[in-house]
Amino acid sequence: IPPLDADFNMHGGIYRDAWIIATNDVHIKATGMASSGIVIDAPQVSEGSATLSISGVVVNAAGLGRRIEAVSSIVDASGQVVETARSTVNVPANGESNFRHADVRVDRPKLWSPDSPYLYSVRTVLLENGKEIDEVTEPLGLRWFKFDPSEGFFLNGKPLKLRGTNRHQDYRGFGNAVPDDLQVRDLEIIKQTGFNFVRLAHYPQDPSVLAAADRLGLMLWEEIPVVNVVHISEAFNRNSETMLREMIRQHRNH
């Protein structure tokens, strides 16, 4: 099980918040590698407009098929709805169905950057006969980027020098069981010091870290704990791939 060896302290046990999630029989899938069940893609972003795709999976744990309306709203930082998309989903008994809201457009978007970390949110609601039965809200920072081997990194069409540091989840007296306020405080100190980039070595970190980075304007490099020693075996490869898929599924909307 990665890591086999590392240059940081490793602790056992449950050291992050644990939750029981109670849902309606019909709900947005909450068991897909611990992801939110909502996937936000932004295939086109510019200063003039952004085009989004919002998709998800609806689960029906009841013995009868259900007809559900899925509604996704783009909400700006002031709480105003700027665009809404909706579709009807027929979910079979004891089954699940996908939905996708394609070509959701935001005109003249406020772009996310380290100097101006503007955040929208995507609120997805399931309705049955007009009654709300489930809701998931995910963050949305609109930006585009590229790497060039000669000219470096570009964000929103402009060159940007990455000034970064490295961050571990470890505090005196807590070990890995770091409270959320101290997690966030670390990122606030990093931002105040003048950095715009953080490497989260060497493992996926607490959701509070991702949320703070979104809000503060910190770009992240996130890793799985394959470090120092790589054991060539089917089990090691399988565990590594599972870790990578879980990290992407859980954090892809940040």
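Colleague: What is the volume of the largest pocket?
Modeller: The model is predicted, and totals for linings use all residues. The lining of this pocket comprises 43 residues. The volume of the largest pocket is about 1300 Å³.

Colleague: Which element gives the most to the lining of the largest pocket?
Modeller: β1 (26–28), β8 (131–140), α2 (207–216) and α3 (234–251) each supply at least two residues of this lining. With 5 residues, the element that gives the most is α3.

Colleague: Which residues lie nearest the centre of the largest pocket?
Modeller: The lining divides into 21 nonpolar, 14 polar and 8 charged residues. Of the 43 lining residues, those nearest the centre are Arg16, Ala34, Pro207, Gln250 and His251.

Colleague: From which element does the largest share of the lining of the second largest pocket come?
Modeller: The second largest pocket has a volume of about 1000 Å³. Elements that each supply at least two residues of its lining include β8, β9 (145–148), β10 (152–155), β14 (219–222) and α3. The largest share, 6 residues, comes from β2.

Colleague: How many residues of the lining of the second largest pocket are nonpolar?
Modeller: This pocket is lined by 34 residues, and Arg143, Phe145, Leu220, Arg252 and His254 lie nearest its centre. The lining holds 5 polar and 5 charged residues. The number of nonpolar residues is 24.

Notes
Residues numbered from 1 in each chain as written. Predicted model: local features only at pLDDT ≥ 70, side-chain atom pairs only at ≥ 80, totals over all residues. Heavy atoms only, no water. 1 Å grid on protein atoms, 1.4 Å probe; cavity = no way out; pocket = protein on both sides within 12 Å on 5 of 7 lines; lining within 4 Å. Points joined across faces, edges and corners; volume = space filled by probe spheres on them. Helix = DSSP H or I, 4+ residues; strand = E, 2+ residues; numbered from the N terminus. Nonpolar A, V, L, I, M, F, W, Y, C, P; charged D, E, K, R; others polar.
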